[in-house]
Each structure stands twice: as C-alpha cells, then as structure tokens.
Amino acid sequence: MKWLYIIAGLALYVKILVMPNPELDVADLSIVQAVVDDSGVPNALAGIIFRNRLYDTIFEVVVFTIAIMGVRFLLSDEQPSKKVHRFTDKPSIVLARLGATIASLVSIELAIRGHLSPGGGFAAGVAGGTAIGLIAITSSSKWMQGIYQRWRAAMWEKISVLVFLVLAAITLAGFELPHGELGALVSGGVIPILNVLVAIKVALGSWAVILVFIRYRGLL
C-alpha cells in the first residue's frame, strides 16, 4: 500500500509539471461579476454562501448545532474524568496564549471583513474556537467552565442561531437591506450580519464541545 501512495504522489507531481494550467474562461469572469453585482460584496464566495445558496448555509448551521447537541447527549451518561491534562510549563503556556491572541484577532478580522476579502463566518468561528482551545489547554477547567457560565455563552449561541434563521428567512422572502457602496465595510446588506452570527455560533459551539471533552475525557 505504501508503494501505491508513492506512485500516486509521483503521478500527481508529473501531472503538475507536464500538463499546462487551464486557461481562464471569459464566461467564468462574467459569472463572478454577476454574483458580485447581485450581492453587493467583492467576495463572490460570500455572496454565494449567504445569498445565492442561502438554503445550503441554513442547513449547515443546523447540522453544526445538531452535532454539538449530539456530543453532549452521547457523553452525558459517562463519568467525568478525574484528571485533566494540560500544559503546565511556562514556555508552552506563553506560546499557546500568544497563539490564542493571534487567532482571536484573526477571527474578528474574518468575521467583520469576510464579505470584502477571503474569509467569512465559518472561518472566523474556527479561528475563534482555536483561540478558545489554546486557552483551555493552558488553564483550569473550572475557570473555563466558570467563564462559560458567567457570560451565558450557551444562551448567546442559541440566540445567534435563532437570529440567523430569522434573517435568512426574511432574505429568502425577498426583503433585503440596501447594499451600500461596493467595497465599503458597511455594505452587502445582510451578508456581514450573517457572517458575524455564524462566527459567534461556531466559536461558542466549539467552546461547548471543548468543555465537554475536557470534563468527560480529560483531553482535548
């Protein structure tokens, strides 16, 4: 089997070297431009996800929500782990928290500017969840659980999903906010709002899953 992987890798390498790159079709540019004009955002992918194929995005959010509920349900009958493994040496803690700071800043950037440049709500949520995970492996599990409950993260997660579904339904019904000036931060109608809501949902949902695995597995 190892030789099969090697041969497949060599074949792919030869393909990249020998076969020419596909030429860009002018028709593809016209489709992208049509999506940009229709959605009012420079990031055509964001226009497709949160407008042209909003049905798919709704069910993606619902599937993520069900996955989080499934993790809680499947582990609810198990006994909490008596020992939680985490970083205790100072260099690892400093590096992990530095990475968490960078990931959180990237998350905010991707959420508020995802309609203008590559990024968006799902990528922002993953970056936010990564930041939370890095903090979790360097901190006390009780401290993380206390912050989660103090800021009512579970409630905000549910609110973000409900608001997203309501705005998505209004958009699908044909009602839209003004697109504004193309390329401006406040533009694209409801798309930036949906980006932020998805980012909040994914980040807080990841936090909930992290806490569950810490409690019942002792590991991330």
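Okay, let's start at Y148: this residue is buried, with a relative accessible area of 8%. Buried here means under 20% relative accessible area, exposed is over 50%, and partly exposed is in between, using a 1.4 Å probe and protein chains only.

Quick word on the source: this is a predicted model, so to speak of local features we need pLDDT of at least 70, side-chain atom pairs count only at pLDDT 80 or more, and totals for chains, interfaces and linings use all residues. Residues are numbered from 1 along each chain as its sequence is written, and side-chain values use heavy atoms, with hydrogens and water left out.

So what does a search of the whole structure find? One aromatic pair. Y148 and W207 make that pair, edge-to-face, at 5.2 Å centre to centre with 75° between the planes. For the rule, rings of Phe, Tyr and Trp (its six-membered ring) pair if their centres lie within 6.5 Å; planes under 30 degrees apart are stacked, over 60 edge-to-face, and the rest tilted. The two partners sit 59 residues apart, with Y148 in helix α7 (residues 141-150) and W207 in helix α9, so the pair links distant parts of the chain. W207 counts as buried too, at 11% relative accessibility.

Now α9 itself. Helices are DSSP runs (H or I, at least four residues), numbered from the N terminus. This one covers residues 191-217, and its 27 residues reach 38 Å from first C-alpha to last, close to the expected 39 Å. That expected span is 1.5 Å times one less than the number of residues. Of those 27 residues, 21 are buried, so α9 is largely enclosed by the rest of the structure.

Conventions:
Helices (H or I, at least four residues) and strands (E, at least two) are DSSP runs, numbered from the N terminus.
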